[in-house]
Amino acid sequence: MFSLQGRIALVSGAGQSVGAGIATVLARQGAAVIVNDLHADRAEKVAAGIVAEGNRAAPAVFDVTDLDATISAVRSAETELGGPVDILVNNAGIADSRVNKRFLELTPDQWRGPIDLNIYGAMNCVYAVIFGMRDRGWGRIVQISSGSARTGQNIGVSMYATGKSGIEGFIRHLAAETGQFGITANVVALGQQKNLEHIYSAEMLEKALASIPIGRLGDPIEAGAFCAYLASDEAGGMTGQTIDFNGGSQTR
Ligand SMILES: NC(=O)c1ccc[n+]([C@@H]2O[C@H](COP(=O)([O-])OP(=O)(O)OC[C@H]3O[C@@H](n4cnc5c(N)ncnc54)[C@H](O)[C@@H]3O)[C@@H](O)[C@H]2O)c1
């Protein structure tokens, strides 16, 4: 079950952390994976790791917020891997330049970045692959989001959460518009992931762990396994959903 053999997948922002885990698992399930990142060294390293496991991958270096660059790089990677994208995982959502500031501390020129990345970045990737999915009568879109989209937090993530809320709405409507073409579109709203261990202070980590019933941070390989399910034939009946994948946290 959940084989992705013969499928081609595009994972955005897959050069490290969550996206790298998702790309690795999709490839283990049989998909040939286009490993996108802004940074060539990251994309190449993850793609090489997948190939070293005996699976198929190609790095694709582009900025998802640039529509023309996205379309052109996706077409080149499809040629390299020998077919069109069947599975899209929109994972890119955290910019290198991300700053955690509350709305009252931001200047207007700082509003747009996280919104562009999380909304336009995701829509650009959808636009690059959705017409082919429609014409072939099969497609899978998985959007990575965050619990912050559906809560309110005083931790300086309002613009990021605005982007996540917006793209969650888009995905629900996309699912409604494209279900008739054999395309599913779902959102995976992640909780706090392992890579935060390197960012949080000891006190923040302790507080985070106390809020998560399973008592640990999320693992990219587990996120990847869930994406593999959503990308499979067997998940054809599931669309338009936002699923919290957060160790049971009620605070999101
Ligand atoms: N880490 C967490 O705790 C957490 C929690 C909830 C949701 N998420 C979501 O998971 C996803 C991945 O997060 P992460 O923690 O792995 O991020 P990360 O910062 O570790 O990695 C993101 C990757 O995306 C790439 N990237 C950034 N902007 C890009 C662009 N414009 N075009 C192409 N690539 C770009 C970066 O170069 C980087 O390699 C994001 O959508 C994030 O919102 C993460």
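Which backbone nitrogen does the side chain of aspartate 37 reach at 2.9 Å? The backbone nitrogen of glycine 15. This is a predicted model, in which local features need pLDDT of at least 70, side-chain atom pairs count only at pLDDT 80 or more, and totals for chains, interfaces and linings use all residues. Residues are numbered from 1 along each chain as its sequence is written, and side-chain values use heavy atoms, with hydrogens and water left out.

**Ligand site**

- The ligand is surrounded by 28 residues, a residue being near if one of its heavy atoms lies within 4 Å. The closest are Ser17, Asp37, Asn91, Tyr160 and Asn195.
- A polar side-chain atom of serine 17 lies 2.7 Å from a ligand oxygen atom. Polar contacts here are pairs of N or O atoms within 3.5 Å; within protein, one must be able to donate a hydrogen and the other to accept it, and residues adjacent in sequence count only if both atoms are side-chain atoms.
- Asparagine 195 places a polar side-chain atom 2.8 Å from an oxygen atom of the ligand.
- Glutamine 193 uses a backbone N or O atom, 2.8 Å from a ligand oxygen atom.
- On its own, the ligand has 840 Å² of accessible area, and the protein covers 94% of it. Accessible areas come from the Shrake-Rupley method with a 1.4 Å probe; for residues, only the protein chains shown count as cover.
- Helix H1 (17-28), strand E2 (32-37), strand E5 (139-146) and helix H5 (158-178) are the elements that give two or more residues to the shell. E5 supplies the largest share, three residues. Helices (H or I, at least four residues) and strands (E, at least two) are DSSP runs, numbered from the N terminus.
- The shell has 10 nonpolar, 13 polar and five charged residues. Ala, Val, Leu, Ile, Met, Phe, Trp, Tyr, Cys and Pro count as nonpolar, Asp, Glu, Lys and Arg as charged, and the others, Gly among them, as polar.

**Overall fold**

- The protein has seven helices and seven strands. Along the sequence they follow the pattern β-α-β-α-β-α-β-α-β-α-β-α-α-β.
- The radius of gyration, taken over C-alpha atoms, is 17 Å, close to the 18 Å that the globule rule gives for 252 residues, so the protein is as compact as a globular protein of that length. The globule rule is 2.2 Å times the number of residues to the power 0.38.
- The C-alpha trace spans about 50 × 35 × 35 Å along its principal axes.
- Buried residues make up 48% of the 252. Buried means under 20% relative accessible area, exposed over 50%, partly exposed in between (1.4 Å probe, protein chains only).

**Aspartate 37**

- Aspartate 37 sits in strand E2 and counts as buried, at 7% relative accessibility.
- A polar atom of its side chain also lies 3.0 Å from the backbone nitrogen of histidine 39.

**Serine 12**

- Serine 12 lies in the loop between strand E1 (8-11) and H1. Its relative accessible area is 2%, so serine 12 is buried.
- A polar atom of the serine 12 side chain lies 2.9 Å from the backbone nitrogen of asparagine 91.

**Glutamate 168**

- Glutamate 168 is in helix H5 and is buried, with a relative accessible area of 3%.
- Residues that glutamate 168 touches include Ser145, Arg150 and Thr242.

Note on methods: Contact = heavy atoms within 4.5 Å. Lists of a residue's contacts leave out its neighbours within four places in sequence.
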